[in-house]
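Please find below some remarks on the model under review. They are set out as numbered points, to be read beside the coordinates.

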Amino acid sequence: MTDDLTVSVDGHLEPVTAPALQALDILWQTLRELPIGEYQLRAMERLVGSGDTRDLERWMHGDEATDWTLGLDGDAVAVVRVSYGSGLTCRQRVAARYTVVQLPADQRGRRPWVIRDAVTGGLVTAGTGPRPLEFSIRESADEWTRGRVNLAGYRAVPIRTVSE
């Protein structure tokens with residue numbers, strides 16, 4: 001997760017936008033102070049207090065925001081909200097992630113089109129090897145990118161990239 005996150009807890013933490021790990025640390029510090037049961041505390045530690053964003057990313061599943069309710073002692077509740085600080089939808093984030101670029105001419109004079117991944121700075125690869133995915137015409141590369149945008153709301157196979 002590379003985007004900033006905005007985190008808040010109704011009545012306990014006003015919205016704070018910060019880099020993902022910093023925002024989750026702020027949220028975790030707030031959640032630890034709430035009068036919640038041990039089961040909820042352990043779940044929150046795994047979700048936001050572990051120093052890892054993978055569980056939260058799976059929880060959010062591409063949504064731009066997620067809310068959950070914690071039961072507090074005395075029948076009170078607190079709503080926890082986590083959202084991407086960029087304000088972009090999942091589809092918009094995916095569209096911004098990939099850029100179609102043309103490589104310089106090779107020894108045979110070919111100038112293939114490839115896709116740069118802004119998250120890694122590398123080129124999207126084909127399969128398991130380090131060779132970048134190449135297209136002979138720009139429209140084909142654009143179609144590959146449109147396909148990823150269309151899949152943004154679904155669980156897709158992770159895309160491998162290679163740094164240049």
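1. Along the sequence, the elements of the protein chain follow the pattern β-β-α-α-α-β-β-α-β-β-β-α-β, which comes to five helices and eight strands. Helices (H or I, at least four residues) and strands (E, at least two) are DSSP runs, numbered from the N terminus. The model is a predicted one, in which local features need pLDDT of at least 70 and side-chain atom pairs count only at pLDDT 80 or more, while totals for chains, interfaces and linings use all residues. Residues are numbered from 1 along each chain as its sequence is written, and side-chain values use heavy atoms, with hydrogens and water left out.

2. Of the 164 residues of the protein chain, 34% count as buried (under 20% relative accessible area, with exposed over 50% and partly exposed in between; 1.4 Å probe, protein chains only). Among contacts (heavy atoms within 4.5 Å) with a separation of 6 or more, 44% are between residues 24 or more positions apart.

3. Helix 1 covers residues 20-33, and its 14 residues should span 20 Å at 1.5 Å a residue; the end C-alpha atoms are 20 Å apart, which agrees. The expected span is 1.5 Å times one less than the number of residues. Seen down the axis of helix 1, the buried residues fall within an arc of 165°, so they line one face of the helix; the arc is that of the directions from the helix axis to the C-beta atoms. The buried residues of helix 1 are Ala 20, Ala 23, Leu 24, Leu 27, Trp 28, Thr 30 and Leu 31. An α-helix has 3.6 residues a turn, so residues three or four places apart point the same way. The cover over the buried residues of helix 1 includes strand 1 (4-9), strand 2 (13-19), helix 2, helix 3, strand 3 (65-71) and strand 4 (77-84).

4. Leu 31, in helix 1, counts as buried because its relative accessibility is 0%. Leaving aside residues up to four places away in sequence, Leu 31 touches Val 9, Ile 36, Leu 41, Met 44, Val 48, Leu 70 and Val 80. Leu 31 and Leu 70 lie 39 residues apart in sequence and 9.5 Å apart in space, C-alpha to C-alpha.

5. Which residues line the second largest pocket? They are Tyr 39, Gln 40, Ala 43, Met 44, Arg 46, Leu 47, Asp 55, Trp 59 and Leu 70. Helix 2 (38-48) and helix 3 (54-60) each supply at least two of the lining residues, and helix 2 gives the largest share, six residues. The lining divides into six nonpolar, one polar and two charged residues. The volume of this pocket is about 160 Å³.

6. Ser 83 is placed in strand 4 and counts as buried at 14% relative accessibility. Not counting residues up to four places away in sequence, Ser 83 touches Asp 4, Leu 5, Thr 6, Met 60, Glu 64 and Ala 65. Thr 145, found in helix 5 (residues 138-150), is buried, with a relative accessible area of 10%.

7. Asp 75 is found in the loop between strand 3 and strand 4 and has a positive phi of about 65° although it is not a glycine. Most residues other than glycine have a negative phi. At 81% relative accessibility, Asp 75 counts as exposed.

8. On the terms of point 5: on a 1 Å grid over the protein atoms alone, a pocket is an open set of points where a 1.4 Å probe fits, with protein on both sides within 12 Å along at least five of seven lines, and lining residues have an atom within 4 Å of a point. Grid points are joined across faces, edges and corners, and a volume is the space filled by probe spheres set on the points. Ala, Val, Leu, Ile, Met, Phe, Trp, Tyr, Cys and Pro count as nonpolar, Asp, Glu, Lys and Arg as charged, and the others, Gly among them, as polar.
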